[in-house]
Amino acid sequence: MASGTSMLLVYIVGWGLVFGTFVHYYHKRKERAMAKLESWYPSHPERDIYYSLVELKKSQDEAVPQETIRAALFRRAMADIMRAIEIKMNKQTLTSLVKSGAISEELMHQFNAAEVENEGEMMSVVQEAEKIQKGWGGSIFYAASEMVNNHRLRELREEMLKLNFESARCNRDLMMEAMSPEEREKATTDGTPENKELMKNDVILSSIFNMPIGQAMKIAAAAHAKRQQEAQAKAAEKPKIEEKKEDTEDKAKEDTENKNKENTEEKTEEITENKAEEKAASKSNSNSPNPGKSGGKGGKGKGKSK
């Protein structure tokens with residue numbers, strides 16, 4: 001019995017050591033992999049600007065006023081809040097994607113590391129605010145969140161204004177295009193039925209630009225007339241451009257034809273000259289006396305003379 005229990009203990013201890021070493025090296029490997037992961041936010045310019053100003057103030061106290069340091073820290077807190085909002089919005093979607101297997105777990109680890117890093121950054125901002133002014137650390141993020149919300153509302157309002165203006169401008173363009181030139185002139189004068197039809201659309205334009213209805217209507221009508229003039233000018237320029245293209249093409253064709261004619265004339269001249277030279281050479285060969293025949297003829301002449 002004693003030997004059996006000792007063997008069982010040795011077996012359990014052995015398996016415990018194997019499991020412990022495996023867990024140890026697994027966690028070490030995981031830590032190394034986590035250290036190799038890239039940061040979710042590779043840079044933090046607001047934090048870098050703040051610390052550079054702090055270092056400059058240490059070296060040159062008068063160069064950087066205290067208000068600049070406070071503004072830089074406040075801007076840093078705003079950036080941290082915007083990152084926290086972004087992390088909160090994306091966390092649920094990332095977890096669902098990891099569960100479904102659409103993305104790897106390493107990306108989720110990277111995201112979690114960014115969340116922890118942002119929390120540490122916010123704690124650092126609180127400490128820096130307390131150094132600058134006691135009690136400011138508890139209220140800096142409240143004021144920064146209010147500024148972030150105002151900034152986002154301003155951006156939304158600008159987008160809505162752009163959309164409203166585009167819709168009102170499109171409606172006016174459609175209404176003006178449906179009118180004849182005479183009706184367009186009547187639309188710009190007060191009291192006409194065409195003017196009353198445009199009044200509803202001009203109310204939207206006046207609310208966007210915060211100006212009187214008549215002024216907004218005149219501005220919109222002038223813009224529409226200007227666009228029509230530009231379109232007419234472009235339409236008038238098109239045939240001129242086509243004519244110029246045709247002229248250039250005709251000139252190019254004429255140049256190529258003239259060049260071909262010149263080449264053919266030069267070739268014919270060369271051929272005629274070669275033929276004339278060949279004829280002249282053949283004639284000279286036929287007119288030149290044969291030396292044997294000339295000698296015989298000379299002997300006969302001599303005999304006759306004797």
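1. Helices here are DSSP runs of H or I with at least four residues, and are numbered from the N terminus. Trp-15 lies in helix H1 (residues 2–36). The model is a predicted one: local features need pLDDT of at least 70, side-chain atom pairs count only at pLDDT 80 or more, and totals for chains, interfaces and linings use all residues. Residues are numbered from 1 along each chain as its sequence is written, and side-chain values use heavy atoms, with hydrogens and water left out.

2. Is Trp-15 buried or exposed? Trp-15 counts as exposed because its relative accessibility is 52% (buried is under 20% relative accessible area, exposed over 50%, partly exposed in between, with a 1.4 Å probe and protein chains only).

3. Helix H3 covers residues 66–100, and its end C-alpha atoms are 51 Å apart, in agreement with the 51 Å that its 35 residues should span at 1.5 Å a residue. The expected span is 1.5 Å times one less than the number of residues. Just after H3, Gly-101 has a positive phi of about 85 degrees.

4. Helix H4 (residues 105–132) contains Asn-118. With 28 residues, H4 should span 40 Å, and its end C-alpha atoms are 41 Å apart, which agrees.

5. Asn-118 counts as buried because its relative accessibility is 7%. Leaving aside neighbours within four places in sequence, Asn-118 is in contact (heavy atoms within 4.5 Å) with Asp-80, Arg-83, Ala-84 and Ile-87.

6. Other buried residues of H4 include Met-108, Phe-111, Glu-115 and Val-125. The buried residues of H4 pack against helix H2 (45–59), H3 and helix H5 (140–178).

Terms used
Helix = DSSP H or I, 4+ residues; strand = E, 2+ residues; numbered from the N terminus.
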